[in-house]
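Please keep the sequence and the three-dimensional view at hand while reading.

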Amino acid sequence: MAKRVFMFPGQGSQYVGMGKEFYEKYETAKKVFDMASEITGLDVPALCFEENDKINITEYTQVCMLTVEAAIFAVLKEKGIEYDLTAGLSLGEYGALIASGAMTMEEAFKVVRKRGIYMQNAVPEGGGMSAIIGLDAASIEEICAEVQAAGCQAEFDSALPYVVSVANYNNPKQTVITGRKDAVTIAADKCMEKGALKAVALNVSGPFHSDLLKGAGEQLKEALDEVSINEIKVPYIANVNAAYVKNSDEVKDLLIKQVSSSVRWTQTMELMIADGIDEFVEIGPGRTLTGFIKKMDRSLKTVNIDTLEDFEKYIEQ
């Protein structure tokens, strides 16, 4: 019997129309959208289904992504699909928390609404991110440390701290760096000199998962103080340390740190593979996480459930 993980993606793969087919066909999915709208005060179906400029703005994107992921998960659960483990990338960790039983959907929507606002407001001007392709993570870490140390000792005309670090360990061949834009640019150039195949500046609104977002994490602590964390019924792996969370008391601290810490997705995948997971099911828009798994081991079974066609094909199998 397959040992299955439910995985939830982070923001970046959102698109207008996501989740609409589930909303229209399944009452269970519609109830999730209605709940998200009621709790957040947003018209979530309109944000997800109608052409608008807000879907790519962090404070709205996060609620929309979580709603779609939670709606598809709810329909899978209704169909009796069982799973042995759950994990999510960045925002997707809240989908994993719902699937683990540690957080109710209601509580997750409350927290993520505030998380999106805090992260949007905390984004400093002059921040940036770049994806480094084809260079090992250890070399990238070393370059970031050298660039940051050199920059901190030099004079520069910006109030923004001279920060550059790893944001995401996506897979062994792709690592994302984050921080002050000029520091990120210098580090990216040095990565190319060191042998990287490509360095791609990302079209993002700020330096996510860097020390420059610590303020948002501190605000998030207040939001998390108002919610309850339940017993973890299905094991889940946290982003911050790529380890199983065994105690519910750890969850809030890990979520606070996650906002300004590296997302250790490569290490998460390594742990899942080592522990015998042989079916990787990505729930939500895009195919980002299944793509990362294929970079690790093309022989592993991956499934993406984004559209109704994806869902029905998977249920038939």
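Predicted model: local features only at pLDDT ≥ 70, side-chain atom pairs only at ≥ 80, totals over all residues.

Two strands are said to pair if DSSP finds at least two bridges between them.

**The parallel sheet**

With that definition, 5 strands form an open sheet in the order β7-β2-β1-β8-β9, and the pairing is parallel. The edge strands of this sheet are β7 (236-237) and β9 (301-305), each of which pairs on one side only. Within the sheet, strand β1 (residues 4-8) runs parallel to strand β2 (residues 85-88), and 4 bridges join the two. One of the residues involved is Phe6, whose bridge partner in β2 is Thr86. A helix also belongs to this picture: α5 (residues 92-100) lies across β1, β2 and β7 and runs at about 160° to β2.

**The antiparallel sheet**

Which order do the strands take in the open sheet with antiparallel pairing? This sheet has 4 strands, and they follow the order β4-β5-β3-β6. Strands β4 (164-171) and β6 (198-201) stand at the edges with a single partner strand each, so one side of each is left without a neighbour in the sheet. On average, neighbouring strands of this sheet are turned by 25° against each other, direction ignored. Strand β3 (residues 127-133) pairs with strand β5 (residues 174-180) in the antiparallel sense over 7 bridges. Here Gly127 stands opposite Arg180 in β5. Helix α8 (residues 181-194) packs on the sheet, where it touches β3, β4, β5 and β6, and its direction makes about 145° with that of β5.

**Packing of helix on helix**

| Helix pair | Angle | Axes |
|---|---|---|
| α4 (residues 58-78) and α6 (residues 105-122) | about 155° | 7 Å apart |
| α9 (residues 214-224) and α10 (residues 251-258) | roughly 150° | within 8 Å |
| α5 and α10 | about 165° | 11 Å apart |

The pair α4 and α6 packs at an angle of about 155°. Angles over 145 degrees count as roughly antiparallel, which is why α4 is described as roughly antiparallel to α6. The crossing of these two helices is right-handed. By class, the contact of α4 with α6 has 12 nonpolar, 5 polar and 3 charged residues.

The axes of α9 and α10 cross at roughly 150°, and that makes α9 roughly antiparallel to α10. The crossing in which α9 passes α10 is right-handed. In α9, the residues Gly217, Leu220, Lys221 and Leu224 meet Lys252, Leu255 and Ile256 in α10. This contact has 4 nonpolar, 1 polar and 2 charged residues.

Helix α10 also packs with α5, at an angle of about 165°, and that makes α5 roughly antiparallel to α10. The crossing of α5 and α10 is right-handed. The contact is made by Glu93, Tyr94 and Leu97 of α5 together with Val251, Leu255 and Gln258 of α10. These residues divide into 4 nonpolar, 1 polar and 1 charged.

**The protein as a whole**

How many helices and strands does the protein have? There are 13 helices and 9 strands. The radius of gyration is 19 Å, close to the 20 Å that the globule rule gives for 317 residues, so the protein is as compact as a globular protein of that length. Along its principal axes, the C-alpha trace spans about 60 × 45 × 40 Å.

Technical notes: Residues numbered from 1 in each chain as written. Heavy atoms only, no water. Axes fitted to C-alpha atoms, helices over the stretch in contact; angles between N-to-C directions. Parallel < 35°, antiparallel > 145°, perpendicular 65-115°, else oblique. Left-handed = near helix turned anticlockwise from the far one by under 90°. Contact = heavy atoms within 4.5 Å. Nonpolar A, V, L, I, M, F, W, Y, C, P; charged D, E, K, R; others polar. Rg over C-alpha atoms; globule rule 2.2 N^0.38 Å.
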